[in-house]
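Thanks for coming, everyone. Let me put the model up on the screen before I talk you through it.

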Amino acid sequence: MSETHPELLRLRQSIDNIDAALIHLLAERFKATQSVGELKARIDLPPADPAREERQIARLRDLADTAGLDPVFAEKFLNFVIAEVIHHHERIASAQANGQEQA
C-alpha cells in the first residue's frame, strides 16, 4: 500500500478544518434563525419573507462573485438554507398556534 503524499494530506486537513468551520457557522446561523422564527410566531408574521429572501440572494450572489465563487452555486446553496429555515419557522408557528413550546 502506498503512502499518501504529504501535500495531499496537508490539503485534506485544510479541507477538513474548513468543513468543520462551515458546520459550526451553519449551527450558529440556525440558532439565530430559530430566534427569528420564535419572534415571527409571537408577533404573528408569516414564516417566509420573499422580499428579504430576494435581497439576500442578490447580496450573496454579489459576495460570491467577488470571492471567486460561482454565484449560481451560491444561490442554490442559499435557497436550500432558506427552504430549511422556512420549514423551521412553519414548525415554530404551528407549535405556537397549538400552545406548544418549541425545543
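Ground rules first. This is a predicted model, where local features need pLDDT of at least 70, side-chain atom pairs count only at pLDDT 80 or more, and totals for chains, interfaces and linings use all residues. Residues are numbered from 1 along each chain as its sequence is written, and side-chain values use heavy atoms, with hydrogens and water left out.

So, the fold. The protein has three helices and zero strands. In sequence order the pattern reads α-α-α. Helix 1 covers residues 6–42. Helix 2 covers residues 50–67.

Now the overall dimensions. The C-alpha atoms fill a box of roughly 60 × 30 × 20 Å along the principal axes. The radius of gyration is 19 Å, while a compact globule of 103 residues would be near 13 Å. That radius is taken over C-alpha atoms, and the globule rule is 2.2 Å times the number of residues to the power 0.38.

What share of the 103 residues is buried? The figure is 19%. Buried means under 20% relative accessible area, exposed means over 50%, and partly exposed is in between, with a 1.4 Å probe and protein chains only. The areas come from the Shrake-Rupley method with that 1.4 Å probe, and for residues only the protein chains shown count as cover.

Next, salt bridges. How many does a search of the whole structure find? It finds three. The cut-off is a side-chain nitrogen of Lys or Arg within 4 Å of a carboxyl oxygen of Asp or Glu.

Start in helix 1. Arg-10 pairs with Glu-7, and their closest N and O atoms are 3.7 Å apart. The two sit about one helical turn from each other, because they are three residues apart in helix 1. Glu-7 is partly exposed, at 44% relative accessible area.

Glu-28 and Lys-31 make another bridge, at 3.1 Å from N to O. They too are three residues apart in helix 1, so about one helical turn separates them. Glu-28 is partly exposed, at 46%.

Then there is Glu-75 with Arg-61, where the closest N and O atoms are 2.5 Å apart. Glu-75 is partly exposed at 26%. Arg-61 is partly exposed as well, at 29%.

On to the surface patches. Patch residues have over 30% relative accessible area and no salt bridge; like charges are joined within 9 Å, and nonpolar side chains (Val, Leu, Ile, Met, Phe, Trp, Tyr) within 5 Å.

Which residues gather in the positive patch? They are Arg-29, Arg-52, Arg-55 and Arg-59. Lys and Arg count as positive, Asp and Glu as negative, and His and the chain ends are not counted. Each charge is placed at NZ of Lys, CZ of Arg, CG of Asp or CD of Glu. Helix 2 gives the largest share of this patch, three residues. Arg-29 sits in helix 1. Its relative accessible area is 30%, so Arg-29 is partly exposed.

Leu-25 lies in helix 1, and it counts as exposed because its relative accessibility is 57%.

Last, some single residues. Asp-44 is in the loop between helix 1 and helix 2. Its phi is near 60 degrees, a positive value in a residue other than glycine. Most residues other than glycine have a negative phi. Asp-44 is exposed, at 70% relative accessible area.

Is Ala-41 buried or exposed? Ala-41 is buried, because its relative accessibility is 16%. Ala-41 belongs to helix 1. From Ala-41 to Glu-90 is 49 residues in sequence, and 8.7 Å in space, C-alpha to C-alpha.

Finally, Asp-62 in helix 2. Asp-62 is exposed, at 54%. Its C-alpha is separated by 23 Å from that of Ile-23, 39 residues away along the chain.

Conventions: Helices (H or I, at least four residues) and strands (E, at least two) are DSSP runs, numbered from the N terminus.
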